[in-house]
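Please read the following paragraphs with the sequence and the coordinates side by side, moving from the definitions to the individual elements.

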Amino acid sequence: MTVFDIKNFSVFYGPKEAVKSVSLKIKKNKVTAVIGPSGCGKSTFLRSLNRMNDFIPNLTTKGEIFFFKENIQKTNPVDLRRKIGMVFQRPNPFPKSIYKNIIWGPKINGYKCNWDELVETSLQKTGLWDEVKDRLNDSALNLSGGQQQRLCIARAIAMNPDVILMDEPCSALDPAATARIEDLIEELSQNYTILIVTHNMQQAARVSEETAFFYNGQLIEFGATKDLFTKPKEKRTEDYITGRFG
Amino acid sequence: MIFKNSLFKKSLSTLLALTGVLTLSITLFSIILLGKESWSFFQKVPLKDFLFGTHWAPLLEPKSFGVLPLLSGTFMIVILSISLALPLGLLTATFLSEFASPHWRKWLKPALEILAGIPTVVYGYFALTFITPLLKSIYPPTEIFNALSASIVVGIMILPMISSLCDDAFFDFPISLKEGALSLGATPFEFITQILYPASLSRIGAALVLAISRAIGETMAVTIAAGATPKITLNPFESIQTMTAYIVQVSLGDTPAGGIEYQTCFAVGALLFILTFFFNWIGHKIMTRWSWELS
Ligand SMILES: Nc1ncnc2c1ncn2[C@@H]1O[C@H](COP(=O)(O)OP(=O)(O)O)[C@@H](O)[C@H]1O
Ligand SMILES: [Mg+2]
């Protein structure tokens, strides 16, 4: 089943084309990695999917993105973002308690549920529950970087999204914390569709089933991660994964 | 290197040290003077009568030294001007930091800061000749000298301080937290009221306390526009007198130095000093306690 159907999609910052006529389909409950050298448009592409780029002045787009057959330009962006969670490069918990970090999103969106239960299940799913269950009312800022990032994932999960977008979620973390997040991504992929931007090719190879390679705004190659890393079809893909540039 | 010459460096640091010592001595000297004159005042008037007396008439017979009417006048001005300036300042800062394009920002910020540069005397006459007549046309029983008119201009005077400090706070706010909020399906309004404001409480509080200090100490506008009638009232359309305005009244009058009338100035001044000091201390407490943490 296709979650995102992206058709000839381009993004312009003023006159500069940062994403160039990209077409691809993202499949449900898979982990798709987006790789490519810095500045090639990975973040811009990812942020188009939940319309986070709406907030950037002078940004225009061309082409269409369908989210479960719905054109995202024609949906209410707030509704869209409820169904598409996002995790950022640096952990960005709110300066509130751990508990409030989890329930804030569902609360403002008018969800009705048992908050204690929601907090527990969200933290369980990210493996944080045992670590923080005795200090739910402590500030989230007292957690370690890795815990903060897992809290941010828990916060996204609490909204019960279909998709989770992750933009280099481990780039600010140490190897141990990174390994935990990678394990978590694997677990979550059973229930969620995950797109992960990474500049770390080993990470892409470890966690994803499909990989999209971007270069200079263009989608160069897209396919099963195994194939892309072992027998790339494109010369530029091969150069990149063998470390000849980037 | 600019400071190549070590002699120049040495004399510069000596000069700086001297200015520091000078500032400190002036402050110390003022405190000692304030303390000494207040001390001899309180030899004649019991502290209790001063602090809790409800009648202030040191220049008339029979003399009476209850400072509460002046305190009430000062706090009326503070409360009214803050009620005007805090919401307006917050709104302005929110607009500047969250909605204004860089172009608007470039013009609005300096324009606001000009408000702070206008001499306070001008504000006083503006209140007396423009705002008071306006108030009178809306509500005829308004007195010529009244607390509301003065509060409005004091509010305008402290508005730039509040909006500028809050704007700095909001502008510094990490963009990543804003994106986090929006990515959870928040509207900009929800982000502003539920994340930005609570997280900025310490800095809003600091701005507020500084503004209160400023309003307490404000002198010219209240002397000109609020009148010289020490009284305890809740009616902002009446004439009142603030602590600062009383000090001006005595300083400008022909009260002989050394007499008890003259010494009242120092007693009121000492109270003013303690109040301002107290608010600054509170401000500091808020800043260290509340920073970013739980909200
Ligand atoms: N807000 C912006 N305004 C203008 N140009 C931008 C903006 N954000 C990114 N770009 C440009 O768009 C290109 C793609 O950026 P980005 O999507 O962040 O790349 P990546 O995430 O792959 O490193 C880069 O050349 C970058 O300089
Ligand atoms: Mg990026």
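Helices (H or I, at least four residues) and strands (E, at least two) are DSSP runs, numbered from the N terminus. This is a predicted model, in which local features need pLDDT of at least 70 and side-chain atom pairs count only at pLDDT 80 or more, while totals for chains, interfaces and linings use all residues. Residues are numbered from 1 along each chain as its sequence is written, chains are lettered from A and ligands numbered from 1 in the order in which they are written, and side-chain values use heavy atoms, with hydrogens and water left out.

Helix 3 of chain A, residues 98-108, is mostly covered, since 9 of its 11 residues are buried, where buried stands for under 20% relative accessible area, exposed for over 50%, and partly exposed for what lies in between (1.4 Å probe, protein chains only). Among these buried residues are A:Tyr99, A:Trp104 and A:Pro106. Their cover includes helix 4 (115-125), helix 5 (129-132) and helix 6 (145-157) of chain A, together with helix 7 (175-183) and helix 8 (188-199) of chain B; contact here means heavy atoms within 4.5 Å. After helix 3 of chain A comes A:Gly110, whose phi is positive, near 75 degrees.

Another glycine with a positive phi, near 60 degrees, is A:Gly14, which belongs to the hairpin of strand 1 and strand 2 of chain A, with 2 residues between the strands. Strand 1 (residues 2-13) and strand 2 (residues 16-27) of chain A run antiparallel and are joined by 8 bridges, two strands being counted as paired if DSSP finds at least two bridges between them. Within this pairing, A:Asp5 of chain A has A:Lys25 in strand 2 as its bridge partner.

The C-alpha atoms of chain B fill a box of roughly 70 × 65 × 35 Å along the principal axes.

How many disulfides does a search of the whole structure find? The search over all chains gives 0, a disulfide being a pair of cysteine sulfur atoms within 2.5 Å. For A:Cys170, the closest cysteine sulfur is that of A:Cys152, and because the distance is 12 Å, the two are too far apart for a bond. A:Cys170 is itself buried, with a relative accessible area of 9%, and B:Cys166 also counts as buried, at 0% relative accessibility.
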